[in-house]
Amino acid sequence: MWLNLFKRTDKFVALRKELNRWDAAGRTCQLWLRDDDLAAITPQFNRLRALVEKHDVPALLAVIPGQAAPTLGKDTMAVHHFQFAQHGWRHQNHEQPENRKSEFGPARSSAAIRHDMLKGARRMGELFGERYINVFVPPWNNLAPDSMAATSYAGMSRHVSMGKIKLPAGMVETNTHVDLMRWTATPSLQAPDWIAAQLSHYLGRQRKGKDTLPAVGLLSHHLVMDGDGWQFLDELLALTSSYPCVRWAKPSELFHLPVHESGPLRAPLVPAAQALGFT
Ligand SMILES: [Zn+2]
């Protein structure tokens, strides 16, 4: 029991040590939060919303446009901590079972990829208007190199992922680096001390100048978070809020997107859609 108690209270030690170094140096480190797979208002979404509002942390919500409830835009009008990005079209895997899952992978023609990307972009515009930011989040963080050209064709000059993907010129990538979840048959929270140590690792590299990331990214999936996951995220956000050196960045800032009073701006997508005959 005492060992368990020690582990519970000890999980943030590495992260505290690292944040103390930033504080002592009088420097500010940036974190950012991305959450995936929004399609409808659910109890889990409301729980995430309550958490980010409690700790005043902005987040990028990756929305599945082809599964989105028709009222999703209206239902999220009063939510001010989230910015919304396109998460594929229907989050549908088209690859063979032995290959890594992808909605926009090598199994598909570039015409089919462009078609789905544009449908998704148009749907995002219909749902969220100017609250939709011009960023593409590939499902399963997997996008074939040829598909990336299609994202800019669809008007999305920014891209977000997890891992290293070679980008065409002109695209901006802002990664997430630490996934809260372990993707086994039943997803569960990664070991809390491992998550904290990973964040500490990436922040340490930033502090030493080994990386020059705009921010260290944390990835969550509200639909599969269990009680342990929610508690951990609550504790992590509380911890970081207690450090003057920590700033949770707005996603639009990280992608160098201008923001005005009513929300983030996005590039107009309509001309590209019309050019392809999607009306
Ligand atoms: Zn997803």
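Questions on a predicted chain

In this predicted model, buried residues make up 42% of the 279 residues in the protein chain.

Me: How many helices and strands does the protein chain have?
Reply: The model is a predicted one. Counted along the protein chain, the secondary structure comes to 10 helices and 13 strands.

Me: What share of the contacts with a separation of 6 or more is between residues 24 or more positions apart?
Reply: The contacts considered are those in the protein chain with a separation of 6 or more. Among these, residues 24 or more positions apart account for 71%.

Me: Are helix 3 and helix 8 roughly parallel or roughly antiparallel to each other?
Reply: The axes of helix 3 (residues 43-55) and helix 8 (residues 227-241) come within 10 Å and cross at roughly 15°. Angles under 35 degrees count as roughly parallel. Helix 3 and helix 8 are therefore roughly parallel.

Me: Which residues of helix 8 make the contact with helix 3?
Reply: The crossing of the two helices, helix 3 and helix 8, is right-handed. From helix 3, the contact is made by Arg47, Leu51 and His55. By class, the contact has 5 nonpolar, 2 polar and 2 charged residues. On the helix 8 side, the residues are Trp230, Leu233, Asp234, Leu237, Ala238 and Ser241.

Me: Is Leu51 buried or exposed?
Reply: Leu51 is found in helix 3. Leaving out residues up to four places away in sequence, Leu51 touches Leu233, Asp234 and Leu237. A residue needs 20 or more other C-beta atoms within 10 Å to be buried. Leu51 has 21 within that distance, so Leu51 is buried.

Me: How far apart in space are Leu51 and Gln231, C-alpha to C-alpha?
Reply: In sequence, Leu51 and Gln231 are 180 residues apart. In space, their C-alpha to C-alpha distance is 10.0 Å.

Me: Is Leu180 buried or exposed?
Reply: Leu180 lies in the loop between strand 7 (178-179) and strand 8 (181-182). Beyond its neighbours within four places in sequence, Leu180 has contacts that include Leu189, Ile195, Leu218 and Leu233. Leu180 has 24 C-beta neighbours inside 10 Å, so Leu180 counts as buried.

Me: What distance does helix 5 reach from its first C-alpha to its last?
Reply: Helix 5 (residues 110-128) has 19 residues. At 1.5 Å a residue, the expected span is 27 Å. The reach of helix 5 is close to that, at 27 Å.

Me: Which residue just after helix 5 takes a positive phi?
Reply: The phi in question is about 55°. The residue that takes this positive phi just after helix 5 is Gly129.

Key
Residues numbered from 1 in each chain as written. Predicted model: local features only at pLDDT ≥ 70, side-chain atom pairs only at ≥ 80, totals over all residues. Axes fitted to C-alpha atoms, helices over the stretch in contact; angles between N-to-C directions. Helix = DSSP H or I, 4+ residues; strand = E, 2+ residues; numbered from the N terminus. Parallel < 35°, antiparallel > 145°, perpendicular 65-115°, else oblique. Left-handed = near helix turned anticlockwise from the far one by under 90°. Contact = placed C-beta atoms within 7 Å. Nonpolar A, V, L, I, M, F, W, Y, C, P; charged D, E, K, R; others polar. Expected span 1.5 Å × (residues − 1). Buried ≥ 20, exposed ≤ 12 C-beta atoms within 10 Å, placed from the backbone.
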